[in-house]
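Have a look at it alongside me.

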Amino acid sequence: MATENGTSLNRRELLALRGLRLPAITIENLQKAGIRCVTAVSIEHQRTANRYVLRGQESGGAVAEFGSYCGFAGEDGNRLSWLQRVDSLAVNGIHARVVAPGLVRVQIIRVLRTYDLLVTRHVLRAVAGKSRPVLENSIVFLGRQGTLELELWGKDEELRGQLMPRFLSRSGEPVSIPGEFHDSVCRAVAGATCTGCRHAHLLVPPVNSVDQTEGSVYVEAGT
């Protein structure tokens with residue numbers, strides 16, 4: 001795949017752009033279960049404000065055996081308000097949409113108690129001589145086959161949203177997730193264990209319902 005300036009993306013750059021690449025059997029099972037997880041981040045132009053923003057869609061959910069979830073946070077890990085909530089008769093699909101100058105995407109794939117996690121940062125970068133910026137993507141954290149020995153989709157669901165998988169290096173040493181994204185990862189894990197999911201786990205209602213042209217930072221009471 002090539003970038004807007006014609007250069008080819010390497011494997012890591014492609015991962016940062018598109019998200020986790022899934023085996024055919026995983027894709028087939030997600031489709032059969034009706035789990036739709038949209039990882040795309042796009043550049044959009046707001047004509048009224050004459051500015052460019054990034055757009056993402058929080059989506060996904062779970063059945064007992066497996067789950068897939070993609071959510072978004074601010075660049076510093078703060079929660080963002082959604083631009084639009086999406087209600088549907090279907091479950092485990094698109095829950096909300098967000099636009100902001102920069103986004104952090106949190107993507108989780110779960111098979112029972114085993115988790116893959118990808119956290120990526122997405123920002124707009126100006127290009128000399130052009131009015132349209134380009135999308136710059138980077139990997140914040142990539143963890144494969146992390147484990148969480150609880151049934152968050154069943155008997156341990158009261159702990160959902162409070163726990164993260166444990167990831168190890170090839171040599172057996174713990175691999176740490178950056179602290180500012182712990183809450184976002186916990187919430188994405190909740191999404192990937194939420195059977196028949198109908199709501200967003202990371203994005204929150206707008207603080208100001210009058211102006212919803214851009215995701216705003218959400219601060220919980222008392223913080």
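I started with polar contacts, so here is my rule: a pair of N or O atoms within 3.5 Å, where within protein one must be able to donate a hydrogen and the other to accept it, and residues adjacent in sequence count only if both atoms are side-chain atoms. This is a predicted model, so I took local features only at pLDDT of at least 70 and side-chain atom pairs only at pLDDT 80 or more, while totals for chains, interfaces and linings use all residues. I number residues from 1 along each chain as its sequence is written, and my side-chain values use heavy atoms, with hydrogens and water left out.

**Entry 1: Arg105**

What does the side chain of Arg105 reach? I found the backbone oxygen of Leu17 at 3.1 Å. I placed Arg105 in strand S7; helices (H or I, at least four residues) and strands (E, at least two) are DSSP runs, numbered from the N terminus. Arg105 is buried and has no salt bridge, and Glu58, the nearest side chain of opposite charge, is 12 Å away. For charge, I count Lys and Arg as positive and Asp and Glu as negative, leaving out His and the chain ends. Buried means under 20% relative accessible area, exposed over 50%, and partly exposed in between (1.4 Å probe, protein chains only).

**Entry 2: helix H1**

Leu17 took me to H1, residues 11-18, where Leu15, Ala16 and Leu17 are buried. Their cover includes strands S7 (102-111), S8 (114-125) and S9 (134-147). At the start of H1, I saw a side-chain oxygen of Asn10 within 3.1 Å of the backbone nitrogen of Arg12. After the helix comes Gly19, with a positive phi near 100°.

**Entry 3: salt bridges**

How many salt bridges are there? I count seven, taking a side-chain nitrogen of Lys or Arg within 4 Å of a carboxyl oxygen of Asp or Glu. One of them joins Glu136 and Arg125, with the closest N and O atoms 2.7 Å apart. That pair links distant parts of the chain, from S9 to S8, 11 residues apart. Glu136 is partly exposed at 36%, and Arg125 is partly exposed at 41%.

Lys155 and Asp156 also meet, at 3.3 Å from N to O. Here Lys155 is exposed at 59%, whereas Asp156 is buried at 10%.

Asp183 pairs with Arg187 at 2.9 Å. They sit four residues apart in helix H3 (residues 182-192), so about one helical turn separates them.

**Entry 4: cores and Met164**

For a nonpolar core, I join buried Ala, Val, Leu, Ile, Met, Phe, Trp, Tyr and Cys residues through side-chain atoms within 4.5 Å. The largest has 20 residues, and Val106, Ile108, Leu117, Val119, Val185 and Val189 touch the most other members. S7, S8 and H3 are the elements giving two or more residues to this core. H3 supplies the largest share, four residues. Apart from it I noted another core of 13 residues, among them Leu54 and Leu203.

Finally, I checked Met164, in the loop between S9 and H3. Leaving aside neighbours within four places in sequence, Met164 is in contact with Leu148, Ile177, His182, Val185 and Cys186; contact means heavy atoms within 4.5 Å. Met164 is partly exposed at 24%.
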